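Dear colleague,

Please find below the structure that I am handing over to you. My notes on what was found in it follow directly after it.

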Amino acid sequence: MSTRLLTHLRHVDLAVPDYDKQLDFYAGVWGLTKVAEDSGISFLAAEGSPEQYIVRLRKAEEKRLDLISYGAANPADVDTLAEQLLAGGVQLISQPGKVDTPGGGYGFRFFDIDGRTIEVSADVEARRHRRVEEKESIPVRLSHVVLNSPNINATRAWYEQHLDFRLSDTMTLPHMGEVMHFMRISNQHHSMAIASGPHTSLQHLSFEMRGIDEYMRGSGRVMRSGARKIWGPGRHMAGDNTFTYFLDPHGNTVEYTTELEKLDEDTWHPHIYDLTKPENADQWGTSNPMNEMVAKEMLNDVDRGVFVAPPV
């Protein structure tokens, strides 16, 4: 694929059994705004983002990752991508057409290599948003998503081949080899990362705050709420962004971050960071150590709702 057709990350959709508890967390403690709700589905926006919503919650018997949505510049690019995916043997869930969610638009859905449902859309009506003010400790936008995969190199290759993601940096461990690839579709260091895990699942969702002060105030508010903090506050080496990670009521890891690095894509060369060096996980040295217990929490539950391709 010679021309990058994706522009940005739009939203991530989650299914949960205890819908009311999850909605209270995201629309209350976490600082998102409920903009629509209908029959056990709610759409949550970030005040600083033009996206109609950045998280969708759906009431379901079993927890799962429903969907990851990306933007395209225009309907022609949506059509081009669909044609390229079909030519590359990717299974489409739907053909390009009208999107029936808040903001409308034109898009389609398909399965990635791990069976996740991916959506790409264009011409979605922009939401009337606003400037997040100083000391206002709510998310500005959805920053990035990190996915667990049993074969991170195969998943990386698939996203490079079919969606033109590019590698920014890689994390390694001496006894495991490559454990995380940071992938980008713009000059933002990563819109997605792929983490090594025993099963397919959501590793974490990350939400960008206005600045360091707002990031710390927000982290403190969530800590005082009684939500479980698993790692942070600190500052990563790859991406140079701040981090505090919490568990939502259903055990999904969610992150507050700010100041994610912007790259010069023409001159950037990926780094390899050894996670046995503490500064590569946290430059500041202020967080609790990244250890097996923290990593285990981020493995999340097996996502049993993903598509499983029939034997060939």
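On one side of helix α2, E83 and A87 are exposed. The model is a predicted one, and the remarks here should be read with that in mind. The buried residues of α2 are V78, L81, A82 and L85. These four cover an arc of only 100 degrees around the axis, which places them on the same side of the helix, and E83 and A87 lie on the other side. The general rule behind such a pattern is that an α-helix has 3.6 residues a turn, so residues three or four places apart point the same way.

At the start of α2, N74 brings a side-chain oxygen to within 3.2 Å of the backbone nitrogen of A76. After the helix comes G89, whose phi is positive, near 85 degrees.

S49 sits in the loop between β3 (41–45) and β4 (55–59). Is S49 buried or exposed? Its relative accessible area is 4%, and because the cut-off for buried is under 20%, S49 counts as buried. A polar atom of the S49 side chain lies 3.1 Å from the backbone nitrogen of E51.

Q188 belongs to the loop between β11 (177–184) and β12 (192–196). With a relative accessibility of 7%, Q188 is buried as well. The side chain of Q188 makes a polar contact with the side chain of R141, at 2.7 Å.

G211 is buried, with a relative accessible area of 11%. Between G211 and E125 there are 86 residues in sequence and 27 Å in space, taken from C-alpha to C-alpha.

Turning to the chain as a whole, there are six helices and 17 strands. The radius of gyration is 18 Å, close to the 20 Å that the globule rule gives for 312 residues, so the chain is as compact as a globular protein of that length. Its C-alpha atoms fill a box of roughly 50 × 45 × 40 Å along the principal axes. Of the 312 residues, 54% are buried. Among contacts with a separation of 6 or more, 67% join residues 24 or more positions apart.

Finally, a word on confidence. The mean pLDDT of the chain is 95, and 97% of the residues reach 70 or more. Over residues 307–312, however, pLDDT stays under 50, and the model has four contacts beyond four places in sequence for this stretch.

With kind regards

Key. Residues numbered from 1 in each chain as written. Predicted model: local features only at pLDDT ≥ 70, side-chain atom pairs only at ≥ 80, totals over all residues. Heavy atoms only, no water. Buried < 20%, exposed > 50% of the residue type's maximum accessible area, 1.4 Å probe, protein only. Helix = DSSP H or I, 4+ residues; strand = E, 2+ residues; numbered from the N terminus. Arc of directions from axis to C-beta. Polar contact = N/O pair within 3.5 Å; in protein donor to acceptor, adjacent residues only side chain to side chain. pLDDT = per-residue confidence, 0-100. Contact = heavy atoms within 4.5 Å. Rg over C-alpha atoms; globule rule 2.2 N^0.38 Å.
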